[in-house]
Amino acid sequence: MRRRPAGTAARGATTGGSERTAIGAARGRWLTLGRDGRLSLFAPAHDGLLRWTETVPGGPAWSGPHHAAVAGLTHLSVTQGANGYVHFLGRRERPAADGSPAVDILHAIQYQTGLAVTDWRSLGNPHPDRTEGARLGPPCGAVASDGTVHAFVRGARGGLLLRREDAKGKWRAWEDLGGAGVDALPAAVALSGGGIEVCAAADTGAFVWLQSRPGGDFSGPRGFSLRPLRGTVSALETSPDRAVFLWTDAESKEAHAWRPGGSPVGLGGAGADQPYSAIRTSLDGCDWTVLATRDATGSAVLGMGVTEQEAAGFWWHGLAASCQGAPALALDGRGRVTVALIDADGAPMVARQEGSAAGLVLTDWQRL
């Protein structure tokens, strides 16, 4: 893997005449590919959501930022279904009449690239007591292959809670999935066979929840004596119905890959304190897994290794840019690996794979 020197803003980037800037990075897949081949980039703002959109598949020009207002948003998570719909899950906190914080979980959808986001719908709070409700964690989402949305959050008592749609799109009641001492940032992955798996760091190691069948109940939590650093757990499907969980080891500070039933495999890396964005791509005729995260110095780093051959080694490379939160990865409309980050000033930056080069070579940074 090679990297060209960092550059300045590319011609063709637009701002839509807005001075709005992001306040960090969203969770999840906040760089998405639409059915029309255009990428969209989403970020939280002080008073809502910001979106940038490619004007044509593969860029380089972008429109935006477009602003979708939602007052009181404290956290934003983005996920996408197989149908291309982009789902937004947020944690909202507003003052109640007595001055105490009133917290709820929100959901909105973008059905098509560049179109307006729907109205934000409240999914409520599983805790009727407002004091407990204020301790509700941020949501993370997964969209099953049938299009049903699942919102996972850590509850006030340290367990994992779920609210999800049924087969007709109606939201079911909150479900208590159990667990104790769970990290506020679990990782969920939707598998191609229709099921969903969830992994979370915990006080005692790591918990895993497995869905018994597509649309069915979740079994677990099953506990494992592992050492994931809180806030770093991620997941990726690496073959049909087979997921790998990724995290930073709390003791060695090295990246690890783990599948239930096996032992963690060290991947190297340099003390990442954020989740690992992960995608698969074909390079030189081989299936590779590409990771992006933020290291202990606050800089974006990229890692890559052959998919499901983690023990054969991973290669890491600094991207010569600092970032807020974790970077995002996606394949653009031309199949090129694309990296996005939010820089220290709250501006998105994008770099892409150079299609004519062997291996993985990235272009200069484009500041949107």
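Asp284 sits in the loop between β23 (277-283) and β24 (286-294), the strands being DSSP runs of E with at least two residues, numbered from the N terminus. This is a predicted model, where local features need pLDDT of at least 70 and side-chain atom pairs count only at pLDDT 80 or more, while totals for chains, interfaces and linings use all residues. Residues are numbered from 1 along each chain as its sequence is written, and side-chain values use heavy atoms, with hydrogens and water left out.

Back to Asp284: its phi is near 55 degrees, a positive value in a non-glycine residue. Asp284 counts as exposed because its relative accessibility is 62%; the cut-offs are over 50% for exposed, under 20% for buried and in between for partly exposed (1.4 Å probe, protein chains only). Lys253 also has a positive phi, near 65 degrees. Lys253 lies in the loop between β20 (242-248) and β21 (255-258) and, at 38%, is partly exposed.

Asp343, in the loop between β28 (337-342) and β29 (348-352), counts as buried because its relative accessibility is 7%. The Asp343 side chain makes a polar contact of 3.1 Å with that of Arg367 (N or O atoms within 3.5 Å, one able to donate a hydrogen and the other to accept it within protein, with sequence-adjacent residues counting only if both atoms are side-chain atoms). A polar atom of the Asp343 side chain also lies 2.9 Å from the backbone nitrogen of Ala347.

Then there are the cis peptide bonds. One joins Gly59 and Pro60, with omega about 10 degrees, and Pro60 falls in the loop between β5 (48-54) and β6 (62-69). Another runs from Gly64 to Pro65, with omega near 10 degrees; Pro65 belongs to strand β6.

Notes
Helices (H or I, at least four residues) and strands (E, at least two) are DSSP runs, numbered from the N terminus.
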